[in-house]
Each structure stands twice: as structure tokens, then as C-alpha cells.
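Please inspect the sequence and the model before reading the solutions.

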Amino acid sequence: MADSKDYYGLLGVSKDATDEELKKAYRQMAKKYHPDAQQGEAAKKEAEVKFKEINEAYSVLSDKTKRAQYDRFGSNFEQAGFGGGAGGYGGFGGFDFSGFGNGMGVDIDLDDILGSVFGGGFGGFGGKAKKTGPSKGADLRYNMNITFEEAAFGTKKEINVSKNEICDVCHGNGAKPGSNVVTCDMCHGSGKVQTTQNTIMGTFATVKTCEKCGGEGKVITEPCEKCNKRGTIRKTKKIEVNIPGGIDNGQAISIHGEGDCGKKGGPAGDLFVVVNVEPHKIFTRRGFDILETISVPFAKLTLGGIIKVPTLEEEVEYTIPEGTQTGTKFKLREKGIQNIHGRGRGNLEFTVIVDIPKKLTDEQREILTQFASSFGDEVNSKKKGFFGR
Ligand SMILES: [Zn+2]
Ligand SMILES: [Zn+2]
């Protein structure tokens, strides 16, 4: 059995060092003994041995369970049957860093690598280099209130939309007309800058977006006075919107190309006009049908007669038959809402409900009492009765 190694000594910390102190010490030692940081072959070899020991020490001490075992049994605890890889550096070999040089515009520094490896999560290296080609402009949303009738029959509305448009002075390139746009001397026009970093994990080439030109590859010497390099200006545009009959609450009309302008010749976004249909005082909607409820006096329901039915256009007369029960539904064909697909109109459906009078004259009361008694019904005939309340 080999002699127990002094992990605390290797990292230069005391036996009661906190996790934070361990990590700090490890980073310092790892940087100091990183083989790539040494001059000459012999020094590299020597550092490599030490580097592995440091990694081994940290991999044990940074793990609560392993650290407890180590404190009790020393570095040979594995041979006593406690498993777990004290292999240190070897444990990191599974990560393939080779992909990071392939145009992923991410800065990687030592802290990131340590943080990722020891923090468990290894998803932090995502992200793409800034896109610099043509791109579509943003889609815009406009909320429009319309009345129930406007939704039913359709309407035309003019709206003012604030959006980005290509600057009419520089035509979108952001430079003062006549001034020079020169190739960026930092990235030589590629828009990307490659840097090489030595870290404890090896040497990485990282590619990031050029800071000087913002990935454009070109530098504007004199900015456009109107848009100050942006190439776009904010404008309010009047747009006529055709609202088709039959549109319903929450539906949208898309107007192609009326969103923000695109970048670098990319197409403009679209404008979406979303309608909010105001509720109607009388009507409600069910698909392309409209519904309403009409109160009809008791006698008219009983004897039948003409009632007035409000429609979207005008009031129409409708004859209800004798003995109509409260809750009966009637239909007026083609008096509903324009079918948005262009095939005629929906229907108007009205429900009649009985309208019970709340007050009666003495004469009316007398008549109604006689009416009831003709059926053999007992009713309150005195004034303070049901109707007198
Ligand atoms: Zn401009
Ligand atoms: Zn550049």
C-alpha cells in the first residue's frame, strides 16, 4: 500500500479549509502548474506530475463524502473498498473541447471552464456568432377596437403604425452619403476575430464577433446624420386596413410587408391587426348567427300577435302564433353575420320570454282574477296580494 498523500499540503490549505478556500487554492495551483505554462520540456514534465496530483487532491477534497473518507483513512481509502475516482485530471478527459474553435463566438476563460466542470452543468457554451447577413424585419401587432356591426358587415379603417423604415438619406447603410465605408482593419472584413487562449484544460481557439465593426466587416467613417449609423428611422405610417365582414373577436388580419423593415436587404416583417369586437347591447354571437332575447307580454304570447324584432339593420315585425310558450326560439334566415368566407349570412335567432306585469290597475286585476277563476285557479284577488307587493 502506497503512502498516503497529503492532499491538503498539495493545495496549500489547512485541514479545516472551506469549499471556497479549496476552490481558490486549487485554481491558483492549477494555473501555476499547468504544463502549458512552463518553459522547456523538463519543466513541463515535472509540472505535469504536480498538476495531476493537484487535480487528484481537489477531486477528492471537493467531494464531501470522499473528503470524509480521506480524513479518516488517507488517500488509500479506495483500496479499502471505497470506490470513486480519485483519478483527478483523468476524470475530465471525457469532455471534448475541440469544438469550441469552430466559429462559436463565445469567450471562454478559465473561470468559465472551472465553473462549468465543477458546477456540474456543462451547457454554458452555447450561443452563436452574431448573425450579419440579411434578416427579416420584426412583425408588428396592432390592436383595433371595432363595433359588433363593423365585425358583422366589415369595414375599412385607417390606422397609424409606428415602425422602422429604411433611412431615406443613407438608404440603409448608415453612412453619410459620399463618405467612405472602409473594410474593418481589426477583422479584415470577416466580422470575426479569432483568439487563442491557454487554459489548464489545454489551448483553445475561440472565435468571436469583431468588437470594432460589430460583425459587419466594415466601418463607417462618417455616420449618416439622419439615422446615426442605424440605417433605419422610426416613422409613423398611415395604413388602410380592410376588415372583412364576419371577423370575430381576437382574430387578426395580416398585412404583408408592413412590419419593420428588414436588415441588409432582408424582407420587411408583417403587420398583424388584431380585432377586439365590442360587445353589443342586444345581440350576442354564435359563429355567424346572432342571438337575442325578446320580452313579450303574457297576453300576446297566449293569444298570438305581431312583435317587433330588432335586427342588425332595422326592426322587423314578426307574428308569433297563439299559445307561444316562454323560451320558444324563432329564426330569421340570413339576418345574421356575413360569413367571412363569403358564403351568405348567418341567421338571427330570437327567444321570446314572458313579460309579467309588475303593476296592475284595479280593473286589470279584476279581469285577471276572473280569467283565473274561469280555469278554477285560486288567486290573490285583494290589492295587497301578489301584484300589490
Ligand atoms: Zn441614414
Ligand atoms: Zn471588424
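Two exercises follow, each with a worked solution.

This is a predicted model, in which local features need pLDDT of at least 70, side-chain atom pairs count only at pLDDT 80 or more, and totals for chains, interfaces and linings use all residues. Residues are numbered from 1 along each chain as its sequence is written, and chains are lettered from A and ligands numbered from 1 in the order in which they are written.

**Exercise 1.** Determine how helix 2 and helix 3 pack.

Solution. Step 1: the axes of helix 2 (residues 19–32) and helix 3 (residues 41–61) lie 10 Å apart, at an angle of about 165 degrees. Helix 2 is therefore roughly antiparallel to helix 3 (an angle over 145 degrees).

Step 1: Leu22, Tyr26, Met29 and Ala30 of helix 2 form the contact with Phe51, Ile54, Tyr58 and Leu61 of helix 3 (C-beta atoms, placed from the backbone, within 7 Å).

**Exercise 2.** Identify which residues of helix 4 are buried and which are exposed.

Solution. Step 1: helix 4 (residues 64–73) has Lys66, Gln69 and Tyr70 buried (20 or more other C-beta atoms within 10 Å of a residue's own).

Step 1: the buried residues fall within an arc of 100 degrees when viewed down the axis of helix 4, so they line one face of the helix.

Step 2: Lys64, Ala68 and Arg72, on the other side of helix 4, are exposed (12 or fewer such atoms).

Step 3: the cover over the buried residues of helix 4 includes helix 1 (7–11) and helix 3.

Conventions:
Axes fitted to C-alpha atoms, helices over the stretch in contact; angles between N-to-C directions. Helix = DSSP H or I, 4+ residues; strand = E, 2+ residues; numbered from the N terminus. Parallel < 35°, antiparallel > 145°, perpendicular 65-115°, else oblique. Contact = placed C-beta atoms within 7 Å. Arc of directions from axis to C-beta.
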